[in-house]
Amino acid sequence: SLITVTKSSHDSAAMFGFDDLAAMYKAMYPPSRNNSVWLMNPEAYNVLLTMTFPNAASSSTYPAWSLTYSGHDEFPLKLFGRPVIECLNCPQLGNAGDIILADLSQLFTYERPGIQFDISNEIQFPTLQVAYRTVYRYDIKSPWTAALSSVDGHYSYSPFVALQSRGT
């Protein structure tokens, strides 16, 4: 059910802009918006922190974000009111999946009961070593099999939205 949003044409190769983030937010399934989080590669997070908007009155720019943080704040940076989380598992900046908007409550976890333990002394028999193996089966699935289309068919919505690959 992942929707991949097309990058706006005015941005440079691997970069992204506010228009791209707005398009991703628009593609988020509306009831999932309150539960969604932004997952970003640390490089994308840094680009977001330094993002500026042009000032129409002068040739200067002004910062897109003003960060205020205190000890009781859960997340110092929010985008469209949703937390932005640096995720080391997201691919390199410019690749699909470097920026993801997801409602993680729309995922189900499955686990096989029990943990399987195995011991073998045959692997390293000449060196008197014993090998141990532990297997724990765990999976995460989404009940969504496809994105939801609007009544007129012009828009698609999903609780999982990513920005397309933009080259590196």
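Analyst: Let's start with Lys141, which is partly exposed at 44% relative accessible area (partly exposed sits between buried, under 20%, and exposed, over 50%, with a 1.4 Å probe and protein chains only). Keep in mind that this is a predicted model, where local features need pLDDT of at least 70, side-chain atom pairs count only at pLDDT 80 or more, and totals for chains, interfaces and linings use all residues. Numbering runs from 1 along each chain as its sequence is written, and side-chain values use heavy atoms, with hydrogens and water left out.

Lys141 pairs up with Asp139 in a salt bridge, 3.4 Å from N to O (that is, a side-chain nitrogen of Lys or Arg within 4 Å of a carboxyl oxygen of Asp or Glu). Asp139 is partly exposed too, at 34%. The structure holds 2 salt bridges, and Asp118 with Arg133 is one of them, with the closest N and O atoms 2.4 Å apart. Asp118 belongs to strand β9 (residues 116–124) and Arg133 to strand β10 (residues 129–135), so this pair ties together parts 15 residues apart in sequence (strands are DSSP E runs of at least two residues, helices H or I runs of at least four, numbered from the N terminus). Asp118 counts as partly exposed at 26%, and Arg133 does as well at 47%.

Setting aside residues up to four places away in sequence, Trp38 touches Leu21, Met24, Ile99 and Leu101, among others (contact means heavy atoms within 4.5 Å).

Ser36 sits in the loop between α1 and β2 and is buried, with 0% relative accessible area. Beyond its neighbours within four places in sequence, the contacts of Ser36 include Met28, Arg82, Pro83 and Leu101. Arg82, Pro83 and Leu101 are also among the residues that Trp38 touches.
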